[in-house]
Amino acid sequence: MQGAVKKQLYIVRHAKAAEGFQDFDRDLTGLGVERTRELGAALLRQECRLDALIASDALRTRRTARLLAQTLHFPEAEIRFEHDLYAGSIEDYFDLLVALDNASIRSVMMVGHNPEVSNLLHFFIPDHTAYMQTTACACIVFETGAWEEIFTAPHQLQFYIKS
């Protein structure tokens with residue numbers, strides 16, 4: 001669709017987290033921090049520009065989102081932390097997506113947990129059978145100007161990065 005307005009969805013699974021803590025309070029390992037920075041650099045090479053960044057409020061996803069925001073020059077104060085993405089369902093992701101402002105948000109990154117991030121990717125790209133690894137990112141481009149139309153709009157996987 002030449003000249004069509006497009007929406008981009010970046011689906012990210014949080015980076016590698018430490019063991020031995022309450023699940024919600026697990027922080028990133030040194031390797032997790034390193035791989036998040038590598039992912040950010042790879043996204044810069046893909047010319048990633050975000051209008052919104054939404055993440056689970058668990059510690060590991062907050063840290064992953066903040067590290068990516070720093071690398072991608074996205075204002076950390078504008079990251080939305082949503083508890084529903086911690087222990088929610090794929091429908092919670094859908095609800096957040098369709099509520100996005102169509103005029104001001106063309107690209108959004110969602111940082112969350114498995115199995116929901118893998119389920120979200122598989123919902124839109126059924127042929128992509130990989131279970132998202134830590135610090136993996138999928139970018140889906142939708143041929144629409146309205147977030148509520150992403151379920152029926154033509155779309156494709158633009159890229160998939162895994163650490």
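With which side chain does the side chain of Glu19 make a polar contact? In this predicted model, the partner is the side chain of Arg26, at 3.4 Å. Glu19 is located in the loop between S1 and helix H1, the latter spanning residues 30-45. The residue is exposed, since its relative accessible area is 58%, and the cut-off for that class is over 50%. Glu19 and Lys6 are 13 residues apart along the chain, and their C-alpha atoms are separated by 40 Å.

Lys7 belongs to strand S1, which covers residues 7-13. Lys7 is buried but has no salt bridge. The nearest side chain of opposite charge is that of Asp51, 7.0 Å away, whereas a salt bridge requires a side-chain nitrogen of Lys or Arg within 4 Å of a carboxyl oxygen of Asp or Glu. The side chain of Lys7 instead reaches backbone oxygens: that of Ile105 at 2.8 Å, and that of Gly145, which lies 3.4 Å from a polar atom of the Lys7 side chain.

The aromatic residues were examined next. The count of aromatic pairs comes to nine. One of the pairs is formed by Phe24 and Tyr86, with 5.0 Å from centre to centre and 90 degrees between the planes, an edge-to-face arrangement. This pair links distant parts of the chain, as Phe24 is in the loop between S1 and H1 and Tyr86 is in helix H3 (residues 84-87), 62 residues apart. Phe24 counts as partly exposed because its relative accessibility is 25%.

Phe94 and Phe151 form another edge-to-face pair, with centres 5.1 Å apart and planes at 90 degrees. Here too distant parts of the chain are linked: Phe94 is in helix H4 (residues 90-98), while Phe151 is in the loop between strand S5 (137-142) and strand S6 (155-161), 57 residues apart. With a relative accessible area of 12%, Phe94 is buried, whereas Phe151, at 34%, is partly exposed. Both residues belong to one aromatic cluster, together with Phe123, Phe124 and Phe142.

The number of disulfides is zero. Cys137 is in no disulfide, and the nearest cysteine sulfur, that of Cys139, is 6.7 Å away. Cys139 is likewise in no disulfide, its nearest cysteine sulfur being that of Cys137.

Notes:
Residues numbered from 1 in each chain as written. Predicted model: local features only at pLDDT ≥ 70, side-chain atom pairs only at ≥ 80, totals over all residues. Heavy atoms only, no water. Helix = DSSP H or I, 4+ residues; strand = E, 2+ residues; numbered from the N terminus. Buried < 20%, exposed > 50% of the residue type's maximum accessible area, 1.4 Å probe, protein only. Lys, Arg positive; Asp, Glu negative; His and termini not counted. Polar contact = N/O pair within 3.5 Å; in protein donor to acceptor, adjacent residues only side chain to side chain. Disulfide = S-S within 2.5 Å. Phe/Tyr/Trp six-rings, centres within 6.5 Å; stacked < 30°, edge-to-face > 60°.
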